[in-house]
Amino acid sequence: MFSKKLLVFLSLITFVVSAPVDEIVKRQSIDTSSHCGQWDTVTAGPYSLLLDQWGASGATSGSDCASLTSMSGTTLAWKNTWKWVGGNGVKSFTNIQLNNGLNKQLSAIKTIPTTWKWSQSSTGTVVADVAYDLFTSTTSGGSNVNEIMIWLANFNAGPISAVYDSDGTPKPVASNISLGGQTWNLFKGSNGSNEVFSFLPANGGSITNFSADLNTFLKYLTANQGVSTSQFLKTAQGGTEATSGSATLTT
């Protein structure tokens, strides 16, 4: 039933689920009502649905609503419908956040397996992305130092970059990187608060069926981009950053 709509953030391998297997695999009762508040949060098992409308004040008008659809074991289905008019910045990052197994040093993480299948319908021109968003800190639970984004789709929304071509196109710091069964270009720049590393599909397309170990991306950064293995993985999320237009993400 979930072959076309699922998002799975399996916990780090060192995190052990203690509940009986039959309790884990059964379908769970969750809040499936629609939520539209700027900071609404809905918790389901080890996850939270976050309506993070942090840039909504930059829009002349708009809305952002989301709901959980179902949950079975660690597989969660959800839906997000948004419409934003005006302004150039991101208005919302509606996402699923993993709440368990975090605040571990990168050197201690063995694996972060994930599967994400999604689709998006839209009206007119949309500026948005679909991406994983990870944050690291120098201490457990400390302030964010690095933001690591793994973009599965880029809808007219350029990544943060320190270097641009003469026509304004962001320039990658590394190209054609093979990770997680896909090929990526890596962009690097500051958002004013954190160093941001953004992996984007090298072919410019969308990856609507993604299954990989997110730890391979962290390992690439520690081996090639100077990210310290002593940093802690503080946050792990997956969702859509919406800037303008109208769309529905189903996952």
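1. Let's start with Phe 210. Setting aside residues up to four places away in sequence, Phe 210 touches Thr 114, Thr 115, Trp 116, Tyr 132, Leu 152, Gly 180, Gln 182, Trp 184 and Phe 217. Keep in mind as you look that this is a predicted model. Is Phe 210 buried or exposed? Phe 210 has a relative accessible area of 1%, and buried means under 20%, so Phe 210 is buried.

2. Now for the cores. The largest nonpolar core has 45 residues. Phe 210 is among the residues with the most contacts inside this core, together with Leu 68, Trp 184 and Phe 199. There is also a second, separate core of 8 residues, and its members include Ala 56, Trp 82, Val 126 and Ala 242.

3. Next, look at the rings. The structure holds 7 aromatic pairs. In one of them, the ring centres of Tyr 132 and Phe 210 are 5.8 Å apart and the planes meet at 55°, so this pair is tilted. The pair links distant parts of the chain: Tyr 132 sits in strand β9 (residues 119-137) and Phe 210 in strand β14 (residues 209-213), 78 residues apart. Tyr 132 counts as buried, with 0% relative accessibility.

4. A further aromatic pair is formed by Phe 199 and Phe 217. How are these two rings arranged? They are edge-to-face, with 5.1 Å from centre to centre and 80° between the planes. This pair also links distant parts of the chain, since Phe 199 belongs to strand β13 (residues 195-201) and Phe 217 to helix α2, 18 residues apart. Both Phe 199 and Phe 217 are buried.

5. You can find Gln 231 in the loop between α2 (215-224) and β15 (232-250). Gln 231 has 9% relative accessibility, and the cut-off for buried is under 20%, so this residue counts as buried. What does the side chain of Gln 231 meet in a polar contact? Its partner is the side chain of Thr 136, at 2.5 Å. Apart from neighbours within four places in sequence, the residues in contact with Gln 231 are Lys 104, Gln 105, Leu 106, Thr 136, Ser 137, Val 145 and Asn 146.

6. On to the disulfide. How many disulfides does the structure hold? The structure holds 1, formed by Cys 36 and Cys 65 with their sulfur atoms 2.0 Å apart. The two cysteines are in distant parts of the chain, 29 residues apart: Cys 36 is in the loop between α1 (21-25) and β2, while Cys 65 is in strand β4 (residues 61-72). The angle about the S-S bond is 115°, and the link is right-handed. Cys 36 has a relative accessible area of 39%, between the 20% and 50% cut-offs, so Cys 36 is partly exposed.

7. Strands β2 (residues 41-44) and β3 (residues 47-52) run antiparallel and are joined by 4 bridges. Thr 41 stands opposite Leu 50 in β3. The hairpin has 2 residues between its strands, and Gly 45 in the turn has a positive phi of about 60°. Which residues of β2 lie on the covered face, and which on the uncovered one? Val 42 and Ala 44 are on the covered face, whereas Thr 41 and Thr 43 are on the uncovered face.

Notes. Residues numbered from 1 in each chain as written. Predicted model: local features only at pLDDT ≥ 70, side-chain atom pairs only at ≥ 80, totals over all residues. Heavy atoms only, no water. Core = buried A, V, L, I, M, F, W, Y, C linked by side-chain atoms within 4.5 Å. Buried < 20%, exposed > 50% of the residue type's maximum accessible area, 1.4 Å probe, protein only. Contact = heavy atoms within 4.5 Å. Pairing = 2+ DSSP bridges. Disulfide = S-S within 2.5 Å. Polar contact = N/O pair within 3.5 Å; in protein donor to acceptor, adjacent residues only side chain to side chain. Phe/Tyr/Trp six-rings, centres within 6.5 Å; stacked < 30°, edge-to-face > 60°.
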